Amino acid sequence: MNKGVLIIGAGGVGRVVAHKCAKNLDTFEHVTLASRTKSKCDMIAKEILDMQGIKIDTYSVDADSVEELIKLLETVKPRVVINVALPYQDLTIMDACVACKIDYLDTANYEHPDEAKFEYKLQWERDGKFKDAGITALLGSGFDPGVTGVFCAYAQQNIFDEIHYIDIMDCNAGDHGYKFATNFNPEINLREVSANGRYWENGQWIETKPLEIRVDWDYPEVGVKPSYLLYHEELESLSKNIKGLKRIRFFMTFGDSYIQHMNCLQNVGMLGIKPVMHNGVEIVPIEFLKTLLPDPASLGPRTKGVTNIGCVMEGIKDGKKKTIYIYNICDHQEAYKEVCAQCVSYTTGVPAVIGAKLLYNKTWDRDGVYNIEEFEAKPFMDELMTQGLPWKIIEL
């Protein structure tokens, strides 16, 4: 029988996942970390050895190659694969898991590298293959997507008879001290923020211009922050899986400086994803920009403040209207002390470990491809309280 967990990806989130898996060794038994750049894995492995006294294995792998991935899976023989590589690599890792009959988990849905568009379609289409292989694919087990879906499922299963309106609110009130930097992969972050917004209402998608809709939301324990409507991937699955839903939207906070920098970069073409020629060399502007910007994994020791991420939900219980906010507060400096990463990585990595734990011990055990809100929420909610992401519910 296969044993242990294999983590693919050694960025900021991969670091958190590796640290937290090592802290849950009583469940996972053995931890392996792989990435294209093995030296990154080795650095994280040394951190874990120094901080916890636990040894993990490291490997190099090209996650764009199904053949290489299969060889790695056949060597390591894990029970669960945690994919925290680039979303461009979701499909190759899923296909390798099918070939080796190993459970799969990710934190972000598939995005084509040459098109600023992300959707679950190609992942959902693999449902039959996962069923035939007798394994599970758990999609979107980060925070948003991830915990936000679990919050919605928990509310649907335990608090409401019907949920009519959901606003997912994502506030990073941290300060890293740079004039401009992104809190996760710049290429993914800037493509997401500069794209048109979308939300789902009354059975149809409504498109908006980038950052066109703003609300000033009073985040508990943080205060009022300007929050902008974006399209985010969990809207696609939650609009299908939450019964009685009339509208779902996603908002994220941005400061004026961030927006000014992003608009300037977009206006001069630096967010472009098509190759251009520069001094006889072909480059992709946004990839070049990524090289210039601070590495998000380096922000941990600099970042101070907290995040507040949650779901405002309005619906019906026993014939009466009810509105709640379920949320988590995460402190950047506390996260760094524990796992050498800031909250944006921490809030994504911890839920990935929880999802993997529930797959590993068969608490969640369904053959096929599923989004996180399709499972019973309570086991995940219980784990959040003990793994470093405690949640609160307030009535509004």
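In the predicted model, a polar contact of 2.6 Å joins the side chains of N308 and Y325. N308 belongs to strand β15, which spans residues 306-317, and Y325 to strand β16, which spans residues 320-331. When residues up to four places away in sequence are left out, the residues touched by N308 are M169, D170, C171, Y219, P220, V222, Y325, Y327, N328 and I329.

With β16, strand β15 pairs in the antiparallel sense over twelve bridges. Within this pairing, I316 stands opposite K321 of β16, and G310 has Y327 of β16 as its bridge partner. The two strands form a hairpin with two residues between them, where D318 takes a positive phi near 55°. Strand β7, residues 162-172, also pairs with β15 in the antiparallel sense, over ten bridges. Here D170 stands opposite I309 of β15. D170 is also among the residues touched by N308. Strand β15 is largely enclosed by the rest of the structure, because nine of its twelve residues are buried.

Strand β16 in turn runs antiparallel to β18, and five bridges join the two. One of these links involves N328, whose bridge partner in β18 is W391. N328 is also one of the residues in contact with N308.

Aromatic pairs were counted across the model, and the count comes to 16. One of them is formed by Y154 and W391, a tilted pair with 5.7 Å centre to centre and 55° between the planes. This pair links distant parts of the chain, with Y154 in helix α8 (residues 147-158) and W391 in strand β18 (residues 391-395), 237 residues apart. Y154 counts as buried at 16% relative accessibility, and W391 counts as buried at 18%. Another pair, W217 and Y325, is edge-to-face, with 5.8 Å centre to centre and 70° between the planes. It too links distant parts of the chain: W217 lies in strand β10 (residues 214-219) and Y325 in strand β16, 108 residues apart.

The charged end of K240 is placed over the ring of W124, 4.0 Å from the ring centre. The charged end of R302 is placed over the ring of Y178, 3.8 Å from the ring centre.

Helix α4, residues 66-76, has L69, L72, L73 and V76 as its buried residues. These residues lie on the same side of α4, because they cover an arc of only 100° around the axis. An α-helix has 3.6 residues a turn, so residues three or four places apart point the same way. The face of α4 turned away from its buried side carries the exposed residues E67 and K71. The elements that cover the buried residues of α4 include the strands β1 (5-8), β2 (31-35), β3 (57-60) and β4 (80-83), together with helix α5 (90-100). After the end of α4 comes K77, which has a positive phi near 55°.

How values were computed. Residues numbered from 1 in each chain as written. Predicted model: local features only at pLDDT ≥ 70, side-chain atom pairs only at ≥ 80, totals over all residues. Heavy atoms only, no water. Helix = DSSP H or I, 4+ residues; strand = E, 2+ residues; numbered from the N terminus. Polar contact = N/O pair within 3.5 Å; in protein donor to acceptor, adjacent residues only side chain to side chain. Contact = heavy atoms within 4.5 Å. Buried < 20%, exposed > 50% of the residue type's maximum accessible area, 1.4 Å probe, protein only. Arc of directions from axis to C-beta. Phe/Tyr/Trp six-rings, centres within 6.5 Å; stacked < 30°, edge-to-face > 60°. Lys NZ or Arg CZ within 6 Å of the ring centre and 35° of its normal. Pairing = 2+ DSSP bridges.
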